[in-house]
Amino acid sequence: MSERFFVSEPITGDHAKLDGPEAHHLLHVMRAAVGTTATLFDNSGAEFTAVVETTRRSEATLRVTERREINRELTFPLAIGIALPKGDRQKWLVEKLTELGVSSLVPLVTERGVAQPTTSAIERLARAVIEAAKQCGRNRLMQIAEPQSLDSFLKSPMAGDIRSPGCRRLIAHPHAPSLATLDIKTPLPTLIAIGPEGGFTDAEVTCALTAGWQQVSLGQSILRVETAAIALAAALAIGGRSAENA
Ligand code: SAH
């Protein structure tokens, strides 16, 4: 796989333009010149081979020579609602969840949450998604949704199919029944909720259970928010994949 670049406009014709951070990466980090071959993706699920045709200081035009449908997504939608940790841990979390194939992340506003998801923080995270997708080969970006209250996340569907009878809704909570008691090999549309460092309140957990969610524990240790999210996402992503290969 040659170096990958993200094009924010859907690639429909035989040319694509890179600007902003992507042009910077191509021209000033990779030092590409006219004739250099690159791989492009545009969040459509396809990837493209393209050759640099013209360059300017902060912009490049590439001629698209091949389009390939390459699906590196999970076989089921996996959405995570999470009370975001602070600072650099947010970016790290977003990077790892993108690599694991999570379809969407919803920043949650919970009773004990500390980091309020600001617009600029969400924009920084969207950039981290692009960087991770470039590196790991995903041709679709993990979506970062608008922040939501826990209550609305618990009750509202992320997508039509998430509400269907054959879907999983798991709230991660220490001292709950172990995840090991669940069948995680069946690839079902899945929603996960992860609480803040202070944990979910009893009222929040009750609200989730009333709304038809299952509480699951990830072991005896109290994990940081991002560790819990990654552990649960990894278990589901790998569990679902093993059914696929069975
Ligand atoms: N003192 C809090 C711990 C919060 S840890 C409490 O007792 O609830 C932050 C979040 O990570 C939790 O709300 C939960 O969603 C998740 N988490 C951490 N450790 C976990 C574990 N062992 N099992 C399940 N979820 C866990």
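Mentor: Let's begin with a term: a salt bridge is a side-chain nitrogen of Lys or Arg within 4 Å of a carboxyl oxygen of Asp or Glu. Please remember that this is a predicted model, where local features need pLDDT of at least 70, side-chain atom pairs count only at pLDDT 80 or more, and totals for chains, interfaces and linings use all residues. Residues are numbered from 1 along each chain as its sequence is written, and side-chain values use heavy atoms, with hydrogens and water left out.

Trainee: Which residue forms a salt bridge with Lys134?

Mentor: Domain 1 covers 4–69 and domain 2 covers 78–245, with bounds that come from an automatic or database domain assignment. The count between these domains is two salt bridges. For Lys134, the closest N and O atoms of the pair are 3.0 Å apart, and the partner is Glu22.

Trainee: How many residues of domain 2 are in contact with domain 1?

Mentor: Contact means heavy atoms within 4.5 Å. The C-alpha centres of the two domains lie 32 Å apart. Twelve residues of domain 1 take part, and on the side of domain 2 the number is ten.

Trainee: What area do domain 1 and domain 2 bury between them?

Mentor: The size of an interface is often given as the accessible area lost when the parts come together. Buried area here is the accessible area (1.4 Å probe) that two parts lose on being put together, summed over both. Carbon and sulfur atoms hold 49% of the total, which is about 950 Å².

Trainee: Which residues in domain 1 lose the most area to domain 2?

Mentor: Look for three residues that together make up 48% of what that side buries. They are Arg4, Phe41 and Asn43.

Trainee: Which residue meets Arg4 in a salt bridge?

Mentor: The whole structure has 17 salt bridges. In this one, N and O are 3.0 Å apart. Arg4 sits in strand S1 and its partner, 43 residues away, in strand S4 (strands are DSSP runs of E, at least two residues, numbered from the N terminus). That partner is Glu47.

Trainee: How far from a nitrogen atom of the ligand is a polar backbone atom of Ser221?

Mentor: 19 residues surround the ligand (a heavy atom within 4 Å), and Ser221 is among the closest. A backbone N or O atom of Leu218 lies 2.8 Å from a ligand nitrogen, and for Gly219 the value is 3.1 Å. For Ser221 the distance is 2.8 Å.

Note on methods:
A polar contact is a pair of N or O atoms within 3.5 Å; within protein, one must be able to donate a hydrogen and the other to accept it, and residues adjacent in sequence count only if both atoms are side-chain atoms. Helices (H or I, at least four residues) and strands (E, at least two) are DSSP runs, numbered from the N terminus.
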